[in-house]
Structure formats: structure tokens, C-alpha cells
Amino acid sequence: MYVGHIGIALGVKGWKRPIPLSALVIAAQGPDWIDTVASAFHIRSDHAAMWSHSLPSAFVVALVVGVMAFVGWRSFATASTFFATYLSHLPADYITGRKPLVPGAPLLGLGLYDRPRWDFAVELIVILVGWLLWRTSLLRERRNRPAAWMLLAGLIAIQAAADFALSIRNANVRIF
Ligand SMILES: [Zn+2]
């Protein structure tokens, strides 16, 4: 999942309003950040996926994130929210992509990236629901301000660009 992870963070923000949105976004994207760091160190992508997106590694990192949140906020509810937000990454990615559930196992997932229109439809729903929930956290008079709508438009545009890039990549894979 691409922008859908931000949609999930927005939805959590609508539900748990005192938690900063930026921290929720980082937690929701967590495994992808580990992937990014791993690729910066030239770690093979299948090894990086195992360290970032397998169930055991995600569970351990989610626990660490939860403990850090507890230290920072002194709230078990907030720590649990961060733990769950981090772990939300996995089911989302198993719907749109293919990841190793446990180290050494074959990749698993619906692989919607092979069908970018379907990926766009699924991520659009997640973005829309998340944005609507986030919008409830705004003061009533701010909910229709251009900035709120621009956020939604921006997220959809980034997702559309990502799926367009996927469709070009898929077409190239079929040609060559
Ligand atoms: Zn991911």
C-alpha cells in the first residue's frame, strides 16, 4: 500500500485526537521506513522485506514503538494505538502487494500492484474513509476550508501518480 497508509494514520487521528498526526503517519509507514534505510545500506530487497514486513519483525518493532510511545505519553491507550497503527501496515500491504509472512517463507498477498486500477480503488477507499474520520477532528468551521480539501486532493493525486507509474512498469514487464 502507498498513500493508504497515510489514510489509516488520518483515520486514527480522527479517533485519537491528542496524538500528533505526524507521529501516526511515521508509525503507519514504519516498515517502509525500515525498507528505505535497508536499501540505503544496499541490503538485498528480499532480505529487507523480511526485516521490515514479516510478521515477527513487525511485531517486535511495533512493541518497541509502543514502549517508546508509553515513555513519551505515559498512556497505555496511546502506546496501544501506536502498536496497532504500526501493525496496520502489514494487512494493508498483504492486500496490495506480496510480502514474506515469516522469514524464509514465499511471498504472500493479493498483489494488487499487478492491477493498478484495483490498487487505486482500494487505496482511494482507505484514503477517503481516513480523511473523513480525520475531518471530524477539526473544528466545525474548519472542516470545509480549502486546506482540508487540498489535503484530500493531494493524497489522491499522489496515489494516482503511483498507480500510473505501476501501470507503465507492468506494461514494460509484459513487453520485455
Ligand atoms: Zn510496506
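**Exercise 1: The chain as a whole**

From the N terminus on, the elements run α-α-α-α-α-α-α-β-β-α-α. The model is a predicted one.

Task. State how many helices and strands the chain has, and determine how its radius of gyration relates to the globule rule.

Solution. Step 1: the chain holds 9 helices and 2 strands. Step 2: for 176 residues the globule rule gives 16 Å, and the radius of gyration of the chain is 17 Å, close to that value. Step 3: the chain is therefore as compact as a globular protein of that length. Step 4: along the principal axes, the C-alpha atoms fill a box of roughly 55 × 35 × 25 Å. Step 5: 35% of the 176 residues count as buried. Step 6: among contacts between residues at least 6 apart in sequence, 60% join residues at least 24 apart.

**Exercise 2: Helices H3 and H4**

Task. Describe how H3 and H4 pack, and list the residues that make the contact.

Solution. Step 1: helix H3 covers residues 30-40 and helix H4 residues 45-53; their axes lie 8 Å apart, at an angle of about 145°. Step 2: the crossing of these two helices is right-handed. Step 3: H3 contributes Pro31, Ile34, Asp35, Ala38 and Ser39 to the contact, while H4 contributes Ser45, Ala48, Ala49, Trp51, Ser52 and His53. Step 4: sorted by class, the contact of H3 with H4 has 6 nonpolar, 4 polar and 1 charged residues. Step 5: Val37 is also found in helix H3, and its C-alpha atom is separated by 9.0 Å from that of Ala48, 11 residues apart along the chain. Step 6: Val37 has 13 other C-beta atoms within 10 Å, so this residue is partly exposed.

**Exercise 3: Helices H2 and H6**

Task. Which orientation do H2 and H6 have to each other, and which residues meet?

Solution. Step 1: helix H2 (residues 21-28) packs with helix H6 (residues 76-87) at an angle of about 45°, and the axes are 7 Å apart. Step 2: the two helices, H2 and H6, are therefore oblique to each other. Step 3: on the H2 side, Leu24, Ala27 and Ala28 meet Phe82, Thr85 and Tyr86 of H6.

**Exercise 4: Residues in loops**

Task. Where are His42, Arg74 and Gly104 placed, and are they buried or exposed?

Solution. Step 1: His42 lies in the loop between H3 and H4. Its phi is near 60°, a positive value in a residue other than glycine. Most residues other than glycine have a negative phi. Step 2: His42 has 7 C-beta neighbours inside 10 Å and so counts as exposed, the cut-off for exposed being 12 or fewer. Step 3: Arg74 is in the loop between helix H5 (55-73) and H6, and phi of Arg74 is near 55°, again a positive value in a residue other than glycine. Step 4: Arg74 counts as exposed because it has 9 C-beta neighbours inside 10 Å. Step 5: Gly104 belongs to the loop between strand S1 (99-100) and strand S2 (107-108). With 7 C-beta neighbours inside 10 Å, Gly104 counts as exposed. Step 6: the C-alpha atoms of Gly104 and Thr85 are separated by 25 Å, the two residues being 19 residues apart along the chain.

Methods: Residues are numbered from 1 along each chain as its sequence is written. This is a predicted model: local features need pLDDT of at least 70, side-chain atom pairs count only at pLDDT 80 or more; totals for chains, interfaces and linings use all residues. Axes are lines fitted to C-alpha atoms, for helices over the stretch in contact, and angles run from 0 to 180 degrees between N-to-C directions. Helices (H or I, at least four residues) and strands (E, at least two) are DSSP runs, numbered from the N terminus. A crossing is left-handed if the near helix is turned anticlockwise from the far one by less than a right angle, and right-handed if clockwise. Two residues are in contact if their C-beta atoms, placed from the backbone, lie within 7 Å. Ala, Val, Leu, Ile, Met, Phe, Trp, Tyr, Cys and Pro count as nonpolar, Asp, Glu, Lys and Arg as charged, and the others, Gly among them, as polar. The radius of gyration is taken over C-alpha atoms; the globule rule is 2.2 Å times the number of residues to the power 0.38. A residue is buried if 20 or more other C-beta atoms lie within 10 Å of its own, exposed if 12 or fewer, and partly exposed in between; C-beta atoms are placed from the backbone. Angles under 35 degrees count as roughly parallel, over 145 as roughly antiparallel, 65 to 115 as roughly perpendicular and the rest as oblique.
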